[in-house]
Amino acid sequence: MKAIIVTDESAGIAGMKLMERPEPQPAINDVIVQVYATSMTGDELSWPSTWTDRAGHDRSFSIPGHELAGVVTALGYGTTGLSVGQRVFGLTDWHRDGTLAEYVAVEARNLAPLPADVDFTVGAALVMPGLTAWQGLFDHGHLRAGQTVLVHGAAGIVGSMATQLARAAGAYVIGTGRGDGRQAALDFGAHEYVDLENEKLQDVKEVDLVFDVFGGDIVSQSARLIRPGGMLVTIAGPTEARPANGSAIDFVVEAIPNQLSEVVQRFREGRLKTHIGNISSFDDAIAAFNSPNRVKGKKIISIRS
Ligand SMILES: NC(=O)c1ccc[n+]([C@@H]2O[C@H](COP(=O)([O-])OP(=O)(O)OC[C@H]3O[C@@H](n4cnc5c(N)ncnc54)[C@H](OP(=O)(O)O)[C@@H]3O)[C@@H](O)[C@H]2O)c1
């Protein structure tokens, strides 16, 4: 099969190569998915899981990408819940070969059915932001109607999803980001917007929850805005920042099928938008990832249509 591989961590995305690789074999409880559309997270090539398996063994010839929509072509020993020919979408294991390939082996429990009226490119675009925003706001942030949430990077891929989901949950949403992200964030549902390049974060009133995508100074400043009992949730890695009388958590997104089903249902009902930057063919994927032109939104790779 054709797959994009990386062999050299220091080369980053410039080291990607499109080449022939053996097709994956399904392990116990796996399915094989023929990938129709996929994507990757920008800094995935710096994650240790891209370069070593769970036992710490080298994974050179690693295939990146963990977000997919496609069709099940084979079942592993003992696999239940999905069938051959079924349309699916979901998130694959960080430590295994990924989705920038014609086929991928993935545990069935990491996938949800993709409804027939939802394009594969949309399915792929919903996976990472949908799961990350849902888990950050509700599983970890315990957001409730009537609360105020500060969503950093609200015009970005994850932030725009968090903004939409928080607004739909009845929260008051304050988005942040660069000045040119203001209109996009408001269009995604933010009530207010703070241009972090020109406005002061300290001027924001007290919030119940901070949904952070930046880390660093911004997350430290944000912790001071949280009212007693509130939460700081970050997806930017471990942080020392803590609200004075509240909790802080950093987390890595997990594949939770019923959350995928909820998100795709909201998309079908017109209650949720994707944030797709561009869609490239598999042959153009490496050029798309390496393009010097900054694209806002998810870069989707359409492998098959
Ligand atoms: N822990 C997890 O499970 C998890 C899951 C998904 C993503 N992540 C991480 O979350 C981060 C965000 O991902 P994403 O896909 O949402 O990225 P993204 O689409 O680039 O979103 C970031 C947003 O913040 C803006 N921004 C960036 N730097 C800024 C700054 N210094 N000041 C103000 N605004 C700034 C960006 O504007 P521009 O577009 O103009 O740069 C963009 O609107 C990444 O580091 C990613 O690896 C973690």
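**Close-up views of the predicted model**

**View 1. Domain 1 and domain 2 in the predicted model.** Six residues of domain 1 are in contact with five residues of domain 2, two residues being in contact if their C-beta atoms, placed from the backbone, lie within 7 Å. By class, the side of domain 1 that touches domain 2 has one nonpolar, three polar and two charged residues; here Ala, Val, Leu, Ile, Met, Phe, Trp, Tyr, Cys and Pro count as nonpolar, Asp, Glu, Lys and Arg as charged, and the others, Gly among them, as polar. Domain 1 comprises 2–114 + 275–302 and domain 2 comprises 128–250, with bounds from an automatic or database domain assignment. The centres of the two domains, taken over C-alpha atoms, are separated by 29 Å. This is a predicted model, in which local features need pLDDT of at least 70 and side-chain atom pairs count only at pLDDT 80 or more, whereas totals for chains, interfaces and linings use all residues. Residues are numbered from 1 along each chain as its sequence is written.

**View 2. The shell around the ligand.** Of the 21 residues around the ligand, Gly153, Gly156, Ile157, Ile235 and Val253 come nearest, a residue being near a molecule if its C-beta atom, placed from the backbone, lies within 6 Å of it. The elements that give two or more residues to this shell are α1 (120–140) and α2 (157–168), and the largest share, three residues, comes from α2; helices (H or I, at least four residues) and strands (E, at least two) are DSSP runs, numbered from the N terminus. The shell residues divide into 10 nonpolar, eight polar and three charged, and at least three residues are drawn from each of domain 1 and domain 2.

**View 3. The largest nonpolar core.** This core, a set of buried Ala, Val, Leu, Ile, Met, Phe, Trp, Tyr and Cys residues joined through C-beta atoms within 7 Å, has 88 residues, and Val33, Phe89 and Val149 have the most contacts inside it. The most residues, 11, are given by α1. Because domain 1 and domain 2 both give residues to this core, it lies between them. Leaving aside neighbours within four places in sequence, the residues in contact with Phe89 include Leu68, Leu111, Val127 and Leu260.

View 4. Thr52 is found in the loop between β3 (30–39) and β4 (67–75). With 15 other C-beta atoms within 10 Å, Thr52 is partly exposed, a class between buried (20 or more) and exposed (12 or fewer), with C-beta atoms placed from the backbone. Not counting residues up to four places away in sequence, Thr52 touches His57, Asp58 and Arg59.
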